[in-house]
Amino acid sequence: MARIRYVQKLKNLRQNVEDMGAVTVRSVEQALHALETSDAALAEQVIANDDVIDKCDRKIESQCMTLLALEQPMAKDLRVIATSLKMITDLERIGDFTVDIAEEVVAMEKPIRIPVASSEFEELVGEVRSMVADSIETYAQGDAQRARTFEARDDKIDHLYKQIVNEMVRTVARRGCSTQIIAETASLLYIIRYLERIADHAVNIGNRVCYMEEGERRYLK
Amino acid sequence: MVRKRYETVPMGLLWASGIATLIILIVILAYILGNGLSVISWHFLTAEPALWGHTGGGIYPTIIATLAVTGVSLLVAAPLSVGGAIYLNEYTKENLLRKTIRQAAEILAGIPSIIIGLFGFLFFVIYLAPYTGGWSMISGGLTLAFMVLPISLRTSEEALKTVPADLREASLGVGATKWQSITTVVLPTALPGILTGLILGVGRAVGETAAILLTAGGSLNLISSLRDPGRPMTLNIYDVLTEYRDTTTAYGTAAVLIIAILAITLITDWLMNRYTKKLKGL
Amino acid sequence: MGSEIEISVKDLNLWFGKFQALKNISIDIPKNEVTALIGPSGCGKSTFIKTLDRMNDLVDNVKVTGAVMYNGRNVLDADTDVVELRKEIGMVFQKPNPFPKSVYDNVAYGPRVHGMRNKKTLNEIVEKSLRGAALWDEVSDRLQESALRLSGGQQQRLCIARLLAVEPNVLLMDEPASALDPIATSKIEDLLHVLRKDYTIIIVTHNMQQAARVSSHTAFFFLGELVEYAATIDLFERPQDKRTEDYVTGKFG
């Protein structure tokens, strides 16, 4: 086989993207854990670690540009690089959203009680967690089949999201809620908004993986 | 440093061999021209030979005879060799026929001229007497053609071979026919080589003696037609020396011959050089 | 492919003696587009285009079966007027091969062998062809100079002008830029973009990036077979055949 050094560079690129994915997944985990346990210190860590994600983004972008300029990649190699380039943006945005979640956690002074729809909330959190992790895995394994299921899963997340929002708004609209409750509810609304956006980015990743594997482009509806 | 000596000794010997050729040429030229140049005069070149027993004649008829015999041989050999070369190189593939023809040409080139002369004598002088006039310029010229042909056929073929195949392809590529390609592209490009070959042949013809001896006749009279016998310059040198012991005329004729050959060779070289440069656009 | 077809090849097979150089090639070449033929050395792409203008006739021991349909007729038929065919399907070679004549005489050569004698018309044809080959500006003041004094890139464009002078429909180019430096190569490639509006162009190239730059359709040849033929972007972005994938990513050949 020819171009051994080039093939190795491509492998390195994929590994770097997977590593960035791993860091992002951990960030999501930590942010959600901080939310569940009201751990402000952990949340601060998440915020600080975002630097790492940003650095990865820049490094991988540079790697991609070098490969494009110097190696004239074609076919699957080209698609891998294009996918990686787009994907790191999605990962970086996911990272930013976890920071947003962590900031909400820090801003709250006391542990959050989820007033209503707590089971839906848990479900939502669980789905988002697994989708992010799965998206990285589909990239690592080139599993376009699994990636194609993300859209349906995202539909479910959107559905849960709307449910939770409706419930919370209805609850707060009742007279007699204290400012405290209203503030907490607002925070939670932000948080699930961020989670919903994280899921969207995970779907993006899945679509890019389909393109990488099969060459067809799938777009978000 | 011993190795250096081993280098210079062979180098010196090689240099000497190279120089030897030059020296030999110079010696011959010097001897002939030295003795012969003084004989050449306008009278010498234009007057008829003196009658038996007298001296002071010219060699005009022999010059004409040389021209006649060379002309006839070229007239026959040129189209045959160029045409033959074109046929072999452009119209046939590299097969048995081509190899055989080439081999035949080489054998023909190697046959001693006296034997070709003998053939010429038997065939042109005796057998075809009614057409050639027996001992004549035609007989001599045709016989010489046999000697010019193999050389010029070979060199013409080589010249055609050096024309790169992609020129022919380019010509065909714009829709020229094969014949058009040959006449408008291949031949013009191969011309220097072909002409050089013909000139080489001419040189051989001009300098040929044995075959002429047996076919041209030897008469000193100025020819009035090609069917007349004549005495070209080479034959004249032989005759004049053996019959009359006339070394003066002999040297003179030799000098004229050598100058003629030198002139032809140098002028052709120069012309071909200019033509080639023009082709290359330099 | 939505465009008209200029040449339609069906089941083309070719043998050099016992060796089969082309195996069952079937391909439709679109009109007024640039089609590139790529593949490793010896894969048959040059042999293929030489079949289209019957240049393979010049080689010993060639046997061809199949059909090359052009203008409603099979080019391979014995009664094809090959001379006329080569006027309509012209070829440019890898090494520029101008005749050792003047620039003018090179371009006028084609029309002249077809009988054109009128000086004025010849002048017009020469200028038009040299302009068409993007060479006029560089040689208009040296038409009588020997063509061999031009640079390699200029000589190649001269060879193109020579073809344009006989008004062909199809231009076959066998690695036209491989003997040229990068700047001369770019000029030829730019020229192709202009020429394709009026001519159907088929270009053989061993330089994939060149094929990617200049062509709208690309065919991948391998060991005498036509492995894949698609729009250029499809062949390079998502080839269907593994052999094509391996070749364009440089993993072999």
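Two residues are in contact if their C-beta atoms, placed from the backbone, lie within 7 Å.

**Ground rules**

This is a predicted model, with local features needing pLDDT of at least 70, side-chain atom pairs counting only at pLDDT 80 or more, and totals for chains, interfaces and linings using all residues. Residues are numbered from 1 along each chain as its sequence is written, and chains are lettered from A and ligands numbered from 1 in the order in which they are written.

**Helix 3 of chain C**

I began with helix 3 of chain C, residues 103–113. Helices here are DSSP runs of H or I with at least four residues, strands are runs of E with at least two, and both are numbered from the N terminus.

I listed them as Val103(C), Asn106(C), Val107(C), Ala108(C), Tyr109(C), Gly110(C), Pro111(C) and Val113(C).

What covers them? The cover includes helix 9 (178–206) of chain B, along with helix 4 (119–132), helix 5 (136–139) and helix 6 of chain C. Just after the helix, Gly115(C) has a positive phi of about 105°.

**Where chain C meets chain B**

Next I looked up the C–B contact, which puts 26 residues of chain C against 18 residues of chain B. On the chain C side, helix 2 (82–88), strand 6 (89–92), helix 3 and helix 6 (152–164) each give two or more residues. Helix 2 of chain C has the largest share, four residues. By class I have 13 nonpolar, five polar and eight charged residues on that side. The classes are Ala, Val, Leu, Ile, Met, Phe, Trp, Tyr, Cys and Pro as nonpolar, Asp, Glu, Lys and Arg as charged, and the others, Gly among them, as polar.

**Where chain C meets chain A**

Here eleven residues of chain C are in contact with ten residues of chain A. Helix 9 (232–237) and helix 10 (242–248) of chain C each supply at least two residues on the chain C side. That side splits into four nonpolar, three polar and four charged residues.

**The sheet in chain C**

I traced an open sheet of six strands in chain C, order 6-7-8-3-9-10, with mixed pairing. Two strands pair if DSSP finds at least two bridges between them. Strand 6 and strand 10 (225–231) of chain C are the edges, each pairing on one side only. The twist averages 20° from one strand to the next, using axes fitted as lines to C-alpha atoms and angles from 0 to 180 degrees between N-to-C directions.

Which way does strand 6 of chain C run relative to strand 7 of chain C (residues 170–174), parallel or antiparallel? The two are parallel, over four bridges, and Gly90(C) stands opposite Leu171(C). From strand 6 of chain C, Ile89(C) and Met91(C) point one way, Gly90(C) and Val92(C) the other, and all are buried.

Further in, I noted strand 3 (residues 34–38) and strand 8 (residues 200–204) of chain C, parallel and joined by four bridges. Thr35(C) has Ile202(C) as its bridge partner in strand 8 of chain C.

**Chain B**

I got twelve helices and zero strands for chain B. Its C-alpha atoms fill a box of roughly 70 × 70 × 35 Å along the principal axes. Of its 282 residues, 40% count as buried. Among its contacts between residues at least 6 apart in sequence, 74% join residues at least 24 apart.

The domain assignment gives domain 1 (2–39) and domain 2 (45–280) of chain B; such bounds come from an automatic or database assignment. Their C-alpha centres lie 30 Å apart. Seven residues from domain 1 and six from domain 2 of chain B make the contact. The domain 1 side has five nonpolar, two polar and no charged residues.

**One residue in chain A**

Last, I picked Ile191(A), which lies in helix 7 (residues 179–214) of chain A. Why is Ile191(A) counted as buried? Because Ile191(A) has 23 C-beta neighbours inside 10 Å. Leaving aside neighbours within four places in sequence, Ile191(A) is in contact with Leu35(A), Ile101(A) and Glu104(A). I also checked Ser135(A): Ile191(A) is 56 residues from Ser135(A) in sequence and 21 Å away in space, C-alpha to C-alpha.

How values were computed:
A residue is buried if 20 or more other C-beta atoms lie within 10 Å of its own, exposed if 12 or fewer, and partly exposed in between; C-beta atoms are placed from the backbone.
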